[in-house]
Amino acid sequence: MEIGIIGSGHIGGTLTRRLRSLGHDVAVANSRGPQSLADLAAETGARAVSVEDAVQGAELVVIAIPLKAVPELPASLFDGKLVVDANNYYPQRDGDIAELLDRSLSSSRWTADHLKGARVVKVFNNIQATHLMDEGKPAGTAGRIALPVAGDDADAKRIVMGLVDDLGFDPVDAGTLDESWRQQPDTPVYGTDLDADGVREGLATARP
């Protein structure tokens, strides 16, 4: 696929490396501009581009940036795009966002509200970057790490779940974007390496 990645930190950089290793055409962007991504591009063969270029040419766009930066993205570019939301809300970093503090909205619903028209799917937010890089295993491997995948668009979710499997993890359907709070920080599946049964149990036992 043609994949755009916005964000070159722990998760964005790791996905750039992993997705390139699978043969995908990856364009990566960040807030500091393409020149700051020269080393990552040279290492991986990804293209260092502007945010606009990363989105426009992509079949799938990964957002892995501080949540507070989401409203700064050019929302109209994302209309109709399949967007993977790998973000988490951390008040100490992102500031006080009332509807996220009181959990009246999931962070992915909040993101989708800013990116009107995007087909948002939540995944990669609950796994440590080093494990995303190194712990992928072939399908059927005992104890294979599972990742929750939440979204409202069934076709978008199917595509993303296939990508999760290709990366070496068992995708688990985690319901809608409104239910994606079950994989946010301070839940049983956050920061853990559970298998598929463990993720399903963790999602079911999560409490607001």
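Helices are DSSP runs of at least four residues, numbered from the N terminus. That numbering gives the names H5 and H6, and the loop between H5 and H6 holds Arg-103. The notes below start there. Keep in mind that this is a predicted model.

1. **Arg-103, a loop residue with positive phi.** Arg-103 sits in the loop between H5 and H6. Its phi is near 60 degrees. That is a positive value, and Arg-103 is not a glycine. Is Arg-103 buried, partly exposed or exposed? Its relative accessibility is 33%, so Arg-103 counts as partly exposed. The cut-offs behind that call are under 20% for buried and over 50% for exposed.

2. **Asp-186, another positive phi.** Asp-186 has a phi of about 70 degrees, again positive and again not in a glycine. Look for Asp-186 in the loop between strand E8 (170-173) and helix H9 (196-205). Its relative accessibility is 71%, so Asp-186 counts as exposed.

3. **Helix H6, an enclosed helix.** Helix H6 covers residues 107-114. Why is it called largely enclosed by the rest of the structure? Because six of its eight residues are buried. The buried ones are Ser-107, Ser-108, Arg-109, Trp-110, Thr-111 and Ala-112. Note that Arg-109 is on that list. The cover over these residues includes strand E5 (82-85), H5 and strand E6 (119-122).

4. **Asn-125, a buried loop residue.** Asn-125 belongs to the loop between E6 and helix H7 (129-134). Its relative accessible area is 4%, so Asn-125 is buried. Which backbone atom lies 2.8 Å from a polar atom of the Asn-125 side chain? It is the backbone oxygen of Gln-183. Setting aside neighbours within four places in sequence, Asn-125 is in contact with Ala-86, Asn-87, Asn-88, Gln-183, Gln-184 and Tyr-190.

5. **The largest pocket.** This pocket has a volume of about 670 Å³. It is lined by 31 residues. Nearest its centre lie Ala-64, Ile-65, Pro-66, Asn-87 and Arg-93. Which element gives the largest share of the lining? Helix H1 (residues 10-21) does, with three residues. By type, the lining divides into 15 nonpolar, 13 polar and three charged residues.

6. **The second largest pocket.** Its volume is about 200 Å³. The lining has 13 residues, and the closest to the centre are Tyr-89, Pro-91, Leu-100, Arg-103 and Gln-184. The lining divides into seven nonpolar, four polar and two charged residues.

7. **Val-28, a buried strand residue.** Val-28 is part of strand E2 (residues 25-29). Its relative accessibility is 0%, so Val-28 counts as buried. How far is the C-alpha atom of Val-28 from that of Ala-54? The separation is 6.2 Å, although the two residues are 26 apart along the chain. Beyond its neighbours within four places in sequence, Val-28 is in contact with Ile-5, Gly-7, Thr-16, Leu-37, Leu-40, Ala-46, Arg-47, Ala-48 and Val-49.

8. Thr-44 lies in helix H2 (residues 38-44). Its relative accessibility is 14%, so Thr-44 counts as buried. A polar atom of its side chain lies 2.7 Å from the backbone oxygen of Leu-40. The Thr-44 side chain also reaches the backbone nitrogen of Ala-46, at 3.1 Å. Not counting residues up to four places away in sequence, Thr-44 touches Thr-16, Arg-17 and Arg-20. Thr-16 is also among the contacts of Val-28.

9. An unreviewed UniProt entry lists residues 3-89 as "domain: Pyrroline-5-carboxylate reductase catalytic N-terminal". Over residues 3-89 the chain is 29% helix and 22% strand. The end C-alpha atoms of this stretch are 24 Å apart.

Key:
Residues numbered from 1 in each chain as written. Predicted model: local features only at pLDDT ≥ 70, side-chain atom pairs only at ≥ 80, totals over all residues. Heavy atoms only, no water. Helix = DSSP H or I, 4+ residues; strand = E, 2+ residues; numbered from the N terminus. Buried < 20%, exposed > 50% of the residue type's maximum accessible area, 1.4 Å probe, protein only. Contact = heavy atoms within 4.5 Å. Polar contact = N/O pair within 3.5 Å; in protein donor to acceptor, adjacent residues only side chain to side chain. UniProt positions renumbered as here; feature names shortened; annotations may be inferred. 1 Å grid on protein atoms, 1.4 Å probe; cavity = no way out; pocket = protein on both sides within 12 Å on 5 of 7 lines; lining within 4 Å. Points joined across faces, edges and corners; volume = space filled by probe spheres on them. Nonpolar A, V, L, I, M, F, W, Y, C, P; charged D, E, K, R; others polar.
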